[in-house]
Amino acid sequence: MLFRTWRGRIERGLVAPTGDETEVLIHMYNTGEIATARVLTPGGRVSYEGAARIDGVPGDAAPVPLVFEGLAGAMCGALLPSGRAVDMIDGVACTPIDNGMPCVILDASPMGLRGDETREALDADEAQKTSLESIRLQAGPLMSLGEVGAQSVPKMTQVSAPRTGGVIATRSFILHRCHATIGVFAAVSVATACTLGEGPAAALAVLPEGERFAVEHPGGAAEVLIRRDADGRVTGAGTLRTARKLFEERVFPRA
């Protein structure tokens, strides 16, 4: 729906193109926040051509950088809900963070893992899953989420050093199953944690020069956009999406 909205506003004349790239503001009704999409408009016309890819999604298409405002503390009330970049839970250093998605980020190695295990291996590791759930249940109150036994948040994300040229490698869990990739906002929270200066992600991350953070996952890497000020503080975050035209139709009412 958002893909159609970004370009549809320009194609229907609701937003005037501004050169080869046009910014479109999107009001997100579910959160009340504003997102900004940058749409390719060479010659003043929307372009659907491009070679941008999202690992785990077939094909390629036009790139659409999408940056969100007001993500920090969206569910927990603060970027670092406990007030700290590092909390020790069951003897494991964790970063509880919420920059669009509440996540608990921890180094895979203290749990006896390399960080490059397959999903199948992790899903079959009952001891590891029990340890993750113990940490998750204790992190809930620290993150102002209360008792989280029946909730899907916070997401648990194990991190390790990048292996394919990205910023950080991840294994993300939705309750007790390893994610085939990583959720969009979970990737944003992980990338943000890489910039904190302390914590498991910060210790392992290879930070890029620019704003594009590749967050590695079992299916490839998620492209995250992180904007930082001169002091390295995150001022905006988002992700790279793609868009192609699927169909177009008009309905003409009876006179």
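The legends below describe close-up views of a predicted model.

**View 1. Strand β3 and its burial.** Strand β3 covers residues 62-68; helices (H or I, at least four residues) and strands (E, at least two) are DSSP runs, numbered from the N terminus. Because 6 of its 7 residues are buried, β3 is largely enclosed by the rest of the structure. Buried means under 20% relative accessible area, exposed over 50%, and partly exposed in between (1.4 Å probe, protein chains only).

**View 2. The strand partners of β3.** Two strands pair if DSSP finds at least two bridges between them. Strand β2 (residues 34-40) pairs with β3 in the antiparallel sense over 3 bridges, and Thr 36 lies opposite Val 67 of β3. Strand β12 (residues 234-243) and β3 are also antiparallel, with 7 bridges; here Val 64 has Arg 241 as its bridge partner.

View 3. In helix α4 (residues 184-194), 9 of the 11 residues are buried, including Val 188, Val 190 and Cys 194. A nonpolar core is a set of buried Ala, Val, Leu, Ile, Met, Phe, Trp, Tyr and Cys residues joined through side-chain atoms within 4.5 Å. The largest such core has 52 residues, and Val 104, Ile 105, Leu 106, Ile 135, Ile 168 and Val 224 touch the most other members. Helix α4 gives this core its largest share, 7 residues.

**View 4. The surroundings of Val 104.** Apart from neighbours within four places in sequence, Val 104 is in contact (heavy atoms within 4.5 Å) with residues including Cys 94, Ile 135, Met 143 and Thr 157.

**Notes.** Residues are numbered from 1 along each chain as its sequence is written, and side-chain values use heavy atoms, without hydrogens and water. Local features need pLDDT of at least 70 and side-chain atom pairs count only at pLDDT 80 or more, while totals for chains, interfaces and linings use all residues.
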